[in-house]
Amino acid sequence: MPGDGDANDNFGYWSDLSNNIAVIGADHDRPPDCNHCGSAYVFLRDTEGNWSEEAKIIPSDSIRSESPITIGFGGAVSISGETV
């Protein structure tokens with residue numbers, strides 16, 4: 001679970017794994033500058049098998065609105081090698 005996760009974020013509904021890197025979508029996440037824009041998280045596995053959150057990716061063109069707009073960023077995620 002991400003450090004800033006919420007029960008309604010849809011975290012983990014979409015995910016992909018490549019070696020020791022996982023990308024996990026949360027298409028209902030609400031970053032500070034956008035309502036329900038969504039996000040994707042990158043986790044790394046260390047040599048002992050422990051996972052840690054490395055990055056949170058949010059859309060660069062997010063919008064702020066008073067109405068709940070669902071853009072769905074993170075609704076489909078994929079990783080190939082080290083490219084998310």
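**A tour of the β-β-β-β model**

From the N terminus onward, the protein's elements run β-β-β-β, with zero helices and four strands in total; helices (H or I, at least four residues) and strands (E, at least two) are DSSP runs, numbered from the N terminus. This is a predicted model, in which local features need pLDDT of at least 70 and side-chain atom pairs count only at pLDDT 80 or more, while totals for chains, interfaces and linings use all residues. Residues are numbered from 1 along each chain as its sequence is written, and side-chain values use heavy atoms, with hydrogens and water left out.

Begin with the whole chain: 33% of its 84 residues count as buried (under 20% relative accessible area, exposed being over 50% and partly exposed in between; 1.4 Å probe, protein chains only).

Next, select Ile21, Val23, Ala40, Val42, Val77 and Ile79, the six residues of the largest nonpolar core (buried Ala, Val, Leu, Ile, Met, Phe, Trp, Tyr and Cys residues joined through side-chain atoms within 4.5 Å). Strand S2 (21–26) and strand S3 (39–45) each supply at least two residues of this core. A second, separate core has five residues, among them Ala22, Ile24, Tyr41 and Phe43.

Now centre on Val42. Leaving aside residues up to four places away in sequence, Val42 touches Ile21, Ala22, Ser52, Glu53, Glu54, Ala55, Ile57 and Val84 (contact means heavy atoms within 4.5 Å).

Finish at Val84, in the segment after strand S4 (51–57). Val84 counts as partly exposed because its relative accessibility is 48%.
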